[in-house]
Amino acid sequence: MLYRRLAPLVWLLIMAPGSVAQAGMPAPLPLEVPRVLQLSTPALERFQAISFFLFVFAACAAVVMLLWNYVQRDFPRLPRLSFGRAAAGVFLWGLLFVIVLTMISGARELMTPRAWEQRGYTYQLAEPPATSGEAPANDQSRVEAPDLTATSSEEGGDR
């Protein structure tokens, strides 16, 4: 009953000719749209590097998933591996490698103290100290090797 009363009103509103409607918030549009939508060179290089990293990460996760599920056929006790769990495993292995490489670089610094200097955000080899012609007389770190060129006849004995 209500439908019969509202149907002509709805039809009139839909079919009635309307004037131009203004909607939304006015905003000035750029005059050179292609130039505005184009990334700058550093931003484009950054985007390419990030997308390449994500592609390689996804490819590694897919390979891990496929290999795991292939081996799972022979070992039915192993669960099936989804892509999300494979990606989480690749992420955790990546964190493990970062920790190991950080430990290696720390050990390098411990074995060669003051051999590396921080320059900016990275470390580079320090400049070697300038050496003079002769070593200092009180340098205890250098031990002179005995002269082994002397023959037994010079020592006063024949064997």
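## Surface and overall make-up

The accessible surface of the chain is about 15700 Å², with 66% of that belonging to carbon and sulfur atoms (Shrake-Rupley method, 1.4 Å probe; for residues, only the protein chains shown count as cover). This is a predicted model, in which local features need pLDDT of at least 70 and side-chain atom pairs count only at pLDDT 80 or more, while totals for chains, interfaces and linings use all residues. Residues are numbered from 1 along each chain as its sequence is written, and side-chain values use heavy atoms, with hydrogens and water left out.

Of the 159 residues in the chain, 6% count as buried (under 20% relative accessible area; exposed is over 50% and partly exposed in between, with a 1.4 Å probe and protein chains only). Four helices and two strands make up the secondary structure, in the order α-α-α-α-β-β from the N terminus (DSSP runs numbered from the N terminus: helices are H or I of at least four residues, strands E of at least two).

## Helix α4

Let's turn to α4. Ala86, Ala87 and Val90 are the buried residues of α4, and they pack against α3 (41–74) (contact: heavy atoms within 4.5 Å).

## An aromatic pair

The chain has two aromatic pairs (ring centres of Phe, Tyr and Trp, using the six-membered ring of Trp, within 6.5 Å; planes under 30 degrees apart are stacked, over 60 edge-to-face, the rest tilted). Trp93 and Phe97 form a tilted one, at 6.2 Å centre to centre and 40° between the planes. These residues sit four apart in helix α4 (residues 83–111), about one helical turn. Trp93 is exposed at 54% relative accessible area, and Phe97 is exposed at 52%.
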